[in-house]
Amino acid sequence: MPGGRLTHEDRRLIAAWLADGLGYAEIGRRLGRPTSTISREVTRNGAPSAYLADHAQETARHRARRRKPTRPAEPATDGQPTELMRGFVDEFATLLAATGLPRMTARVFACLLTADAGGLTAADLVRRLQVSPASVSKSIASLEAMELVLRQPDPGGRRERYVIDDDVWLRAWKADTGAHGEIATAAQRGIEIFGADTTAGARLGKMGRFFALLSEQMSGSTLAESVVYDALTVLAALVHARRPLTLDALAAGLDWSRDRATTALDAIRHRPAIADPLALRVVGPETYTHTTRPDRLSPAQREALRK
């Protein structure tokens, strides 16, 4: 069966999608299986109107026991995975697919994740997963875009090998952290455009707070402690001055170089959470003041405080 035997989780999904009225073709597409696999599964282990995942799993288990006696999993030979290994790859791919990764891409990633250090070629993936070369190529392209897979030349021939190295999780972590920070910054711009007191502004505010906090926690505060200290000192200077200050005025008042003041200002702009509950506001060319973060108070709270 392409992709190995159906798992219990696969059968639960089939039961749920049948209840939702989906056809065999659509269910097969979502699971990355042929339509015939789904129709055969339902015919053997239930019916469209009475297909129960637990019953189907038990029926399939009994049928497998009748076919051949139970025996321990055989060790891998010539680098080929055992049935137990293939089952794990399928189950792990199902978990990855539940996070939003396309099913076929999840299967390719799980297959590479459990491969030897030398990785696998496209032909290896086609053979192990029993899918088309086009499916493997598309999945590899997606994984490369997410920096989860690397290409390496095959020492024994002209084919490339695909590997997952030890730094994959660090790269994925940094990529997510950067994306979260960009979303938080974009949300702040949206609040300024739509207004903090509007419905859109309130939604953007909540989103901005969430992704800013997520970015800060995931990044582990990669800014040097001295830069954070300088950023807070700049805010203190703006609060104390009670008026907008130019970059030169800030640097002169703090007895800093322009570069040091610029670095502190950039830190606040790129990491708004540093200044919470205050925010930096640009009011002219190299001229700055402070304000409260537009997403810290809701429109209702702002209105109540004005009264």
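## A walk through the helices and cores

Let us start with a pair of helices: the axes of helix H2 (residues 24-31) and helix H3 (residues 35-45) come within 8 Å of each other and cross at roughly 115°. Axes here are lines fitted to C-alpha atoms, for helices over the stretch in contact, and angles run from 0 to 180 degrees between N-to-C directions. H2 is therefore roughly perpendicular to H3, since angles under 35 degrees count as roughly parallel, over 145 as roughly antiparallel, 65 to 115 as roughly perpendicular and the rest as oblique. Their crossing is right-handed, meaning that the near helix is turned clockwise from the far one by less than a right angle. Tyr 24, Ala 25, Ile 27, Gly 28 and Leu 31 of H2 meet Thr 35, Ile 38, Ser 39 and Val 42 of H3; contact means heavy atoms within 4.5 Å.

A word on the model itself: it is predicted, so local features need pLDDT of at least 70 and side-chain atom pairs count only at pLDDT 80 or more, while totals for chains, interfaces and linings use all residues. Residues are numbered from 1 along each chain as its sequence is written, and side-chain values use heavy atoms, with hydrogens and water left out.

Now step back to the whole chain. The protein chain has 14 helices and six strands; these are DSSP runs (helices H or I, at least four residues; strands E, at least two), numbered from the N terminus. Of its 307 residues, 37% count as buried, where buried means under 20% relative accessible area, exposed over 50% and partly exposed in between (1.4 Å probe, protein chains only). Among contacts with a separation of 6 or more, 53% join residues 24 or more positions apart.

Next, look inside. In soluble globular proteins, nonpolar side chains tend to be buried together. The largest nonpolar core here has 24 residues, of which Val 108, Leu 112, Leu 125, Ile 140 and Val 149 touch the most other members. Such a core is a set of buried Ala, Val, Leu, Ile, Met, Phe, Trp, Tyr and Cys residues joined through side-chain atoms within 4.5 Å. Helix H5 (83-98), helix H6 (103-113), helix H7 (122-129) and helix H8 (133-145) each supply at least two of this core's residues, and H6 gives the most, with seven. Leaving out residues up to four places away in sequence, Leu 125 touches Val 108, Cys 111, Leu 112, Leu 120, Gln 130, Val 136, Ile 140 and Tyr 162. Apart from this core lies another, of 21 residues, among them Leu 250, Ala 261, Leu 265 and Ile 274.

The axes of helix H12 (residues 247-254) and helix H13 (residues 258-270) come within 9 Å and cross at roughly 110°, which makes H12 roughly perpendicular to H13.

Our last stop is Arg 296, in the loop between strand S6 (287-292) and helix H14 (299-306). Arg 296 counts as partly exposed because its relative accessibility is 37%. Arg 296 and Gly 205 are 91 residues apart in sequence, yet 7.5 Å apart in space, C-alpha to C-alpha.
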